[in-house]
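Hello,

Here is the structure I promised to send over. Have a look at it first, and my notes follow below.

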Amino acid sequence: MFSDIEKDGFFDAVESLKKYRRADLIDEDGRNLLEQLYTDPLPNDHILKKSLKDNTTFLIGRKGTGKSTIFLRLEQEIRKKKNYLSCYLDVKTIFESSQTEYTEISYLKNYFPPELLGKYLIERTFIQNTLAEIQKEIKLKTDTLLKKFASLLIKTKPEIVQENLNELQLNFTNNEILKKIEIPVLQNYDYANKNINEETKEKERGISNPKVNAGITSSNVGITVNPGITYSSKDGTKNIQDVSNNFSRVFLQIFQIKETILKIKEILTSLGIRHLIIMLDDFSEIEEDSIKTFVDVILAPLNNWSDEFIKFKIAAYPNRVYYGKIDPGKIDTINLDFYNLYSEFNRDKMEESAYDFTKRIITKRIEHFTNSLPEKFFDTKRLPLEEYYKLLFQVSMNVPRILGYILSYCYQSSIIYNKQISKSDIESASQTYYDEKMKPFFDTTTFSLLSIGEKVSILQLNELLNEFGNALIEIRRRIQTEELKGSVYQPKYPFASHFHFDPRLEEFMKTLELNFFITKYNEMSDKDGKPVSIYSIYYGFARKLNLLWGKPEGANYRKYFIERPFYFTKLIQDFLSRSKFIHCINPSCNKNFGVNELDFLKFNNYKCNNCGCDVIIESISEDIKTKLEKIDKNKLLPIEEIKIMKELERYDNFVYAREIAEELDLSKYLIAFRCKKLHFSFKYVDRNKEYEGDPYKYKLTDDGKEYFKSFDKSAL
């Protein structure tokens, strides 16, 4: 039925959708295909055009929503604009290299206790590397400009430009130069003379942050944990967070950010550049403290102090955005997730707009790579092609990367066997995606070196997800047995995949949503006229539970999702009451708060109204804690290493770091660094290379394969 060219083309089409980060679309002749294959989430390239405006812009969306692809198209368009220069930075990769490459600086030991020195060095290296990458990008672009316009730049000597760029780099990379500035600055901050209060340190370690962080930590999971280290000084007891918050002020002075901005502007202006656009990819995937330092030291000053010369385009996760001193009213924010994107324009036609994007992106990729129409690859005798587009939206929520995986699984199950893709193939693929790509989120947490407090917070989310599933199963049963009566319920087709609840509880859902277990679908008023948020569980999870996803078709079922059985506010509140302990951190006060008091606490900046101390939300679960304590602590590894080993389990042969990186969304440099450690320290990973100078390949050893099997099954 399919020629080899069509099969190979279909494979290339779906693999191009799966690509992580800045994976360029290149044909066999090395020609860039992005301009012709780019599919904007909105018609008429609206997102691209909005991103091109001369404003600092935040592109906000979950993993795989196309932020990096938009950046690539932005670069192409910016290159066409006169007097503009673009500069791309992969913030996550820079941060990862800072964690693995920072070196001890002897004189700094005099100014920091050991607990703070490592943190300072990582953030110091992070700022250095970021500034160096900006300089490197500028140098590459200016080299091109100097060659291109050599005959026109009579007043600008190339050697002077190069000297200025080299001098700029030395100012923030040469430690001897920095030392002259750094020591006097650090003398103003009395870090070294603060003593650790060991009793408080042990008591607070692992306790959740006062504010529930609905995004991700450095390990991409759960609620942020308060380091719990306090320093006693003449000024009183200070938390390590308070102390490290001074880092931003220190770095601003050490790296002389104002002078750096002026120097960059001077160099580029001499080349006729009037606007520098800096793109920051994977901004949200670094540690929360480092995000704040990054914004306070680099992003906000360069944005605010450059007199409109420098503007940023920033890719971020929902609820993981820190603006610092940037005025949110003076920037553009573009949301790429389904509800936030399509409800902004026409809430009544959200699904139609989403189907349209699915249709456009699939049609464009398949037609280009296979020279055939999409209908050739789908069994349209059983289901109209438009229904396939609708189904593909439902299983992917319009996330291109998930869509790529779903179609990749369909390729493996159908296309290579000369079978057209059917509805059941897509549904099975969604369950495979859930089992292989989503559910390991919780397993990875279990075996990682995260604190007990962090693990409990994350694994509680698994319990909550299961409670959602059980409640929906019960609703299905009640519909089937006609215990629930009414014209909206169909006993033969009991749809039960969506639920609604009080919007004030959304902050507790954010980690589940960030990892696609649930997705916000709409906002409506319930039967009592109160506003509610409607969420759906992931299609593959619904299929695993044998639940029909969606609602009956027709205008009569428009309000199906807000029927009273799907009201989950009490379920969530009861769960939070059992699993969260909200109390004042002051031992002499220790006032307890209920879940219903969260609005007051948020308004009061999580301060106790009795004593003014911090109020924390602590995750409690003796059952989870007991199971976790059964695991051999000596076998636990950093979460990145667990992910790498889990991925290597899938391969029988040696693979390159870049291949693992594409699946895990980690940089190949971090993969190589971690695999080296897993090889020499634990013998879990084998590595080799064919020829000197080639990159290493990696494979799980027998010991590595036994790693997960060796844990006590009762602890899982």
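Setting aside neighbours within four places in sequence, Asn398 is in contact (heavy atoms within 4.5 Å) with Tyr342, Ala354, Phe357, Thr358 and Phe393. Before going on, please note that this is a predicted model, where local features need pLDDT of at least 70, side-chain atom pairs count only at pLDDT 80 or more, and totals for chains, interfaces and linings use all residues. Residues are numbered from 1 along each chain as its sequence is written, and side-chain values use heavy atoms, with hydrogens and water left out.

Back to Asn398: this residue sits in the loop between helix 16 (385–396) and helix 17 (400–413). Helices (H or I, at least four residues) and strands (E, at least two) are DSSP runs, numbered from the N terminus. Asn398 is buried, at 10% relative accessible area (buried means under 20%, with a 1.4 Å probe and protein chains only). Its side chain reaches the backbone oxygen of Ala354 at 3.1 Å. With the side chain of Thr358, the Asn398 side chain makes a polar contact of 2.6 Å (a pair of N or O atoms within 3.5 Å, one able to donate a hydrogen and the other to accept it; residues adjacent in sequence count only if both atoms are side-chain atoms).

Best wishes

How values were computed: Buried < 20%, exposed > 50% of the residue type's maximum accessible area, 1.4 Å probe, protein only.
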